[in-house]
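Here are a few notes to go with your first look at this model. Have it open beside you as you read.

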Amino acid sequence: MSLAMGASEPAAPSSPEQVPPVPPAKRSWRPSLTPERKKLFRNFLFATTATYFSVMITKRAARSRRHVPSLFHHNNYVPKFNKYQDGIQAVTLGTLLSCSTFAMGVTGVALVFNINNAQEFHAAMRKYVRGLGLQTELSKQLEKNVDPKAKELEDAIENFLSDSFPNEKPEVKEKKSD
């Protein structure tokens, strides 16, 4: 084809020695499944399953409370109930729902951001907060004007926690982009 016919580049002369171009390597849309990643998936699946079952249990409990009068009963009849038992059941079901939903949320966030433990979460949040520039001039000034007794207490707590967690500054694993 010539340039006049709409081609963007002139065609290279074909020769028998010319090798066809090698296609680019296929990239996977998902990262490789390491054992840590499999553990995150398993935890998220478990939390999601627990949430599903707690929703089903709550739905069943709510349906059992529904009063449907039979053929010859009055529809304004109030069934007998025990308010203490109903209160305990409500607190139990509410706790079950909130804990399972919270677990699903935490494991989902850990799965999305590839965070395997609390130390990695701590390092990632520090990196994120510093990246936003949330440490303002006022907070820097307040850090300088700290009461000596409060500073002593803060140092004692920091020393105690540094003994509890030997790895003070863990490195955050960066996601590899292939």
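1. A cut-off to start with: a residue counts as buried under 20% relative accessible area, as exposed over 50%, and as partly exposed in between. So V129, at 35% relative accessibility, counts as partly exposed. You'll find V129 in helix α3, which covers residues 118–132. Together with F121, M125 and Y128, V129 makes a nonpolar surface patch of about 370 Å².

2. Bear in mind that this is a predicted model. The chain's average pLDDT is 78, and 69% of the residues score at least 70. Which helix has the lowest mean pLDDT among the elements of the chain? That's α4 (residues 137–144), with 66, while α2 (residues 83–113) has the highest, 94.

3. Among contacts with a separation of 6 or more, 75% are between residues 24 or more positions apart.

4. Helix α1 takes up residues 35–64, 30 residues in total. From first C-alpha to last it reaches 43 Å, close to the 44 Å expected at 1.5 Å a residue. Its buried residues are R37, L40, A47, T51, S54, T58 and A61, and what covers them includes α2.

Notes: Residues are numbered from 1 along each chain as its sequence is written. This is a predicted model: local features need pLDDT of at least 70, side-chain atom pairs count only at pLDDT 80 or more; totals for chains, interfaces and linings use all residues. Side-chain values use heavy atoms; hydrogens and water are left out. Patches are made of residues with over 30% relative accessible area and no salt bridge: like charges are joined within 9 Å, nonpolar side chains (Val, Leu, Ile, Met, Phe, Trp, Tyr) within 5 Å. Accessible areas come from the Shrake-Rupley method with a 1.4 Å probe; for residues, only the protein chains shown count as cover. A salt bridge is a side-chain nitrogen of Lys or Arg within 4 Å of a carboxyl oxygen of Asp or Glu. Helices (H or I, at least four residues) and strands (E, at least two) are DSSP runs, numbered from the N terminus. Buried means under 20% relative accessible area, exposed over 50%, partly exposed in between (1.4 Å probe, protein chains only). pLDDT is the predictor's confidence in each residue, from 0 to 100. The expected span of a helix is 1.5 Å times one less than its number of residues. Contact means heavy atoms within 4.5 Å.
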